[in-house]
Amino acid sequence: MRRLPLRRLVTLATLAAVGAATLGTTAACGDDSDAAGASGPVTLRLGYFPNITHAPAVVGVEKGIFKEKLGSDVTLETKTFNAGPAAIEAVFSGALDATYIGPNPTVNAFSKSKGEAVRVISGAASGGVALVVKPGITSAEQLRGKKIATPQLGNTQDVALRYWLKEKGLETTKEGGGDVKVVPQENAQTVETFGSGAIDGAWVPEPFVSRLVNAGGKVLVDERDLWPDKKFVITNLLVSTKFLKAHPDVVKKLVEGQVAANEFVNAKPDEAQQAISEHIGKITGKPLDIKLIKQAWPTLEFTNDPISSSLKTGLDHAVAVGLTQPVDLKGLYDLTFLNEVLKAAGKPEVTQP
């Protein structure tokens with residue numbers, strides 16, 4: 001599900017972890033990479049979110065696409081997250097080598113590590129995000145004094161909401177004050193708090209948009225309507241620079257898996273939707289309703305293009321709402337492997353940012 005930059009304050013501990021990762025002293029990541037060597041067995045730790053905006057990741061794991069492309073010498077370990085800042089902390093600490101993630105945490109990671117710790121190696125998805133509110137709310141002005149949820153302070157949807165409100169003349173604060181009270185909470189909790197009346201709406205990705213609509217809400221803002229050609233990055237694939245340098249062959253295979261997963265998602269939507277339902281069921285204990293997935297599906301586009309222009313715009317939005325400082329994004333993208341894979345498959349290459 002798709003849109004723009006940056007997130008919560010990084011603690012001193014996290015900053016220390018960034019430095020350690022950048023210097024190559026993080027044990028969890030360094031020991032595995034250095035000991036294995038380029039030609040020996042390697043473990044790839046991959047993060048993603050169990051939701052529809054991360055469909056290529058979910059399907060790639062569930063259908064064994066990544067495992068097949070990575071080969072027998074690479075052990076794939078996966079970990080799921082609710083929002084981007086937590087996934088980035090895992091990358092910084094060495095607990096993850098790569099992750100599917102939104103644009104704002106991506107920029108945050110690049111900025112906090114002074115352009116050293118991470119690289120974007122592929123896009124994954126665009127769209128699938130909306131502001132859902134109580135039926136009686138028909139305008140931005142009616143949100144004054146209301147409580148609106150986002151997945152996490154500084155995540156992609158949090159920035160999008162705050163910037164949209166700012167454009168409408170409504171102020172917010174990191175502490176939850178201002179004209180509109182922004183309440184960070186896990187997406188699953190948001191469905192409950194919306195139903196109970198504890199919040200008045202939420203800016204969230206699918207399938208939670210559809211869940212809130214089915215719970216009596218209505219879409220006030222479809223984020224696609226805020227972007228040129230209705231396209232904005234909601235999910236891209238990021239890898240730690242250290243892992244990229246240590247195992248470029250593994251990273252290329254991961255990109256092959258991403259391209260193959262997107263091809264599967266686009267060519268076989270019914271199978272992909274079933275795989276998503278079953279996979280989320282394995283994680284949460286309850287399969288995601290197929291009807292809900294089909295309801296959300298048309299709002300998404302699964303693409304290997306990271307739509308870098310929207311990421312830059314998202315950064316500008318995060319700066320505007322005071323969640324980050326301006327960042328030079330030069331060096332963030334490394335689409336070399338992506339374009340090699342696309343060219344070999346006879347597909348159009350993505351223009352290097």
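## Overall make-up

The protein contains 15 helices and eleven strands, where helices (H or I, at least four residues) and strands (E, at least two) are DSSP runs numbered from the N terminus. The structure is a predicted model, in which local features need pLDDT of at least 70 and side-chain atom pairs count only at pLDDT 80 or more, whereas totals for chains, interfaces and linings use all residues. Residues are numbered from 1 along each chain as its sequence is written, and side-chain values use heavy atoms, with hydrogens and water left out.

Of the 353 residues in the protein, 56% are buried; buried means under 20% relative accessible area, exposed means over 50%, and partly exposed lies in between (1.4 Å probe, protein chains only). The protein exposes about 13,900 Å², of which carbon and sulfur atoms supply 51%, with accessible areas taken from the Shrake-Rupley method with a 1.4 Å probe and, for residues, only the protein chains shown counting as cover. Among contacts (heavy atoms within 4.5 Å) between residues at least 6 apart in sequence, 79% join residues at least 24 apart.

## The six-stranded sheet

Six strands form an open sheet of mixed pairing in the order E2-E1-E3-E10-E4-E11, where two strands pair if DSSP finds at least two bridges between them. Strand E2 (74–80) and strand E11 (300–302) stand at the edges, and each has a single partner strand, so one side of each is left without a neighbour in the sheet. Direction ignored, neighbouring strands of this sheet are turned by 25 degrees against each other on average; axes here are lines fitted to C-alpha atoms, for helices over the stretch in contact, and angles run from 0 to 180 degrees between N-to-C directions.

Strand E1 (residues 42–48) pairs with E2 in the parallel sense over seven bridges, and Leu46 stands opposite Thr78 in E2. Strand E10 (residues 233–240) is mostly covered, with eight of its eight residues buried. Strand E3 (residues 98–101) runs antiparallel to E10 and is joined to it by four bridges, with Thr99 opposite Leu238. Strand E4 (residues 118–127) also pairs with E10 in the antiparallel sense, over seven bridges, and the bridge partner of Val118 in E10 is Ser240.

Strand E5 (residues 129–133) and strand E8 (residues 201–205) pair in the antiparallel sense over five bridges, and Val132 has Ala202 in E8 as its bridge partner.

## Nonpolar cores

A nonpolar core is a set of buried Ala, Val, Leu, Ile, Met, Phe, Trp, Tyr and Cys residues joined through side-chain atoms within 4.5 Å. The largest has 91 residues, among which Leu143, Leu254 and Trp297 touch the most other members. Helix H11 (residues 248–267) gives the largest share of this core, nine residues. The core draws at least three residues from each of domain 1 (43–126 + 231–345) and domain 2 (129–229), the bounds coming from an automatic or database domain assignment.

Not counting residues up to four places away in sequence, Leu143 touches several residues, including Leu131, Ile148, Trp164 and Leu220. A second, separate core of ten residues includes Ala149, Ala202, Val204 and Val209.

## Loops and backbone details

Glu206 and Pro207 are joined by a cis peptide bond with omega of about 10 degrees, and Pro207 is found in the loop between E8 and H9. Ala215 lies in the loop between helix H9 (208–214) and E9 and is partly exposed, with a relative accessible area of 42%.

Although it is not a glycine, Lys114 has a positive phi of about 55 degrees; Lys114 sits in the loop between helix H6 (103–112) and E4 and is exposed, with a relative accessible area of 74%. Lys230, which is not a glycine either, has a positive phi of about 60 degrees; Lys230 lies in the loop between E9 and E10 and is partly exposed at 45% relative accessible area.
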